[in-house]
Amino acid sequence: MKYISTRGKAPELTFEEAMLTGLARDGGLYVPEEIPSFSSEEIAALGGISYEEAAFRIMWPFLGNAFGADEFRACIARAYAGFGHAARAPLVQLEPNHFLAELFHGPTLAFKDFAMQLIGQLFQAALKKSGRRVTIVGATSGDTGSAAIEAFRGLDNVDVFILFPHGRVSEVQRRQMTTPADANVHALAVDGDFDTCQALVKDMFNDFAFRDEVGLAGVNSINWARVLAQVVYYFTSAVSLGAPDRKVSFTVPTGNFGDIFAGYIARRAGLPIDKLIVATNQNDILHRCLTTGEYRPDGVSPSISPSMDIQVSSNFERALFDALGRDGAAVGQLMDELKAGGFTVPQGALGHLQDLFASGRCSEDETRETIRDMRAQTGELLCPHSAVAVKVAREMRDPHVPMVTLATAHPAKFPDAVEAASGLRPGLPPRMADLFERPERLTRTSNDLAEIQALIRDKRAEA
Ligand SMILES: Cc1ncc(COP(=O)(O)O)c(C=O)c1O
Ligand SMILES: N[C@@H](CCOP(=O)(O)O)C(=O)O
């Protein structure tokens, strides 16, 4: 199994190399050269087995010979052992033929734990063998950062630096990043928004001298392993609703396009998915692009679903690559235009994207109304991100096809917004009950690349 860059100019890599590399050296993102395909019998056989066994069967064909089968099974077992629900990704019914996949039972209460807990294990296994030391630098709008810090804290061979937009994450998210005392993890509060943080991370990858000096690695969804681990719950959800004999649709609260791209991979691998619906908040660049073909970021507008406050959506590049017939030069051209302000998706590629993805948008008022109504009608207390998706799913779903809406975070990560909408203040699980008493440790910084690189060098030297 080989991995190739969406810009077509970086070396082909194995799964393990792609995982440890993050961004390709030509600025592109790694994707599998070919997508393995599962037969109807193989999909049906996922029914009734554990989440861990399903995870093994789905991911294994993507790995090549990166890990031994027993070694990979052990990594999966350790990754999901700390989840607070036996099913890992349980489905609850909201209304006839509409289900919620609760993806927030992991250690940091967001869907990011599904991938991050696993790649924490895989990094550890790979680095132990090679004796390498890496510096993980990640950008977060709140959830990736806490999941990464939780997955990598205290590990040998890894230093972690998470850049988050100062003042633009919830207090719970910030404290999840700033309260772990482990010396190898560092939370950096950066002036700017998530796009600023993500651009800084990409600039660090494109500075080859720095990249090689510190052994840079990435755990944002630019890392293929992140996307792969998220493919699993599409299969497990669909199978429990009748796949492969029945088609199932999904609505996904979307920001960086990683989660919905995992759904696209599941469909390419043979899962009978009817509609894949991109749900955006008021930062609706993806919805606008999928309807008009114009991709022109016009500034992030802070919302009550802050983890989706993104305008430069990294993984859209992976979808464009396929829509453009895997033409790396054409992708590179559009990405150059993006740097200069934006691009227009060529007609043929737009038609292709529209066949693959539907989309909808949810305003701030609609998010609040959905939280309130769903609590009253179903008893389910949604986080604002999940509410964005539930609203879009209810508007766009075919009542005859089961719809799974992904619930990507626990409401307790956003207690102020949820309380303002529903009158109920969701509480943190007992293991996090003292989160607000724990001492915080963070570094404030400007968004100057050289300043942040110097900071990373200093902190690595102290470790
Ligand atoms: C709670 C939550 N929901 C949805 C999203 C959007 O997911 P993606 O960036 O994979 O599109 C994020 C951030 O990524 C998130 O943290
Ligand atoms: N919403 C994310 C943004 C980063 O996305 P990623 O999936 O590319 O890591 C966050 O919470 O940090």
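The shell around ligand 1 divides into five nonpolar, eight polar and two charged residues. In this predicted model, 15 residues surround ligand 1, and the closest are Asp143, Asn256, Gly258, Ser307 and Thr408.

Ligand 2 has a shell of 13 residues, of which Thr140, Asp143, Thr144, Asn220 and Ser221 are the closest. The shell around ligand 2 has no nonpolar residues; twelve are polar and one is charged. Which helix gives the largest share of the shell around ligand 2? Helix H6, residues 143-152, supplies three residues, the largest share.

Helix H6 is mostly covered, with ten of its ten residues buried. Among them are Asp143 and Thr144, together with Ala147, Ala148, Ile149 and Phe152. The cover over the buried residues of H6 includes helix H5 (112-130), helix H7 (171-178) and the strands S5, S6 and S7. Just after H6, Gly154 takes a positive phi of about 80°.

Helix H8 runs over residues 194-206; its 13 residues reach 18 Å from the first C-alpha to the last, close to the 18 Å expected at 1.5 Å a residue. The buried residues of H8 include Phe194, Leu200, Val201, Met204 and Phe205, and also Asp195 and Gln198.

In soluble globular proteins, nonpolar side chains tend to be buried together. Here the largest nonpolar core has 154 residues, and Ile119, Ala148, Ile162, Leu163 and Phe235 touch the most other members. Helix H10 (residues 224-240) gives the most to this core, with twelve residues. Leaving out residues up to four places away in sequence, Ile119 touches Met19, Val219, Ala225, Arg226 and Ala229. Ala148, another of the residues that touch the most other core members, is one of the buried residues of H6.

Two annotations from the database record place these parts along the chain. An unreviewed UniProt entry lists residues 2-80 as "domain: Threonine synthase N-terminal". Over residues 2-80 the chain is 42% helix and 8% strand, with the end C-alpha atoms 27 Å apart. The unreviewed UniProt entry also gives "domain: Tryptophan synthase beta chain-like PALP" for residues 101-331. That span, residues 101-331, is 45% helix and 17% strand, and its end C-alpha atoms lie 33 Å apart.

Key: Residues numbered from 1 in each chain as written. Chains lettered and ligands numbered in written order. Predicted model: local features only at pLDDT ≥ 70, side-chain atom pairs only at ≥ 80, totals over all residues. Near = placed C-beta within 6 Å. Helix = DSSP H or I, 4+ residues; strand = E, 2+ residues; numbered from the N terminus. Nonpolar A, V, L, I, M, F, W, Y, C, P; charged D, E, K, R; others polar. UniProt positions renumbered as here; feature names shortened; annotations may be inferred. Expected span 1.5 Å × (residues − 1). Buried ≥ 20, exposed ≤ 12 C-beta atoms within 10 Å, placed from the backbone. Core = buried A, V, L, I, M, F, W, Y, C linked by C-beta atoms within 7 Å. Contact = placed C-beta atoms within 7 Å.
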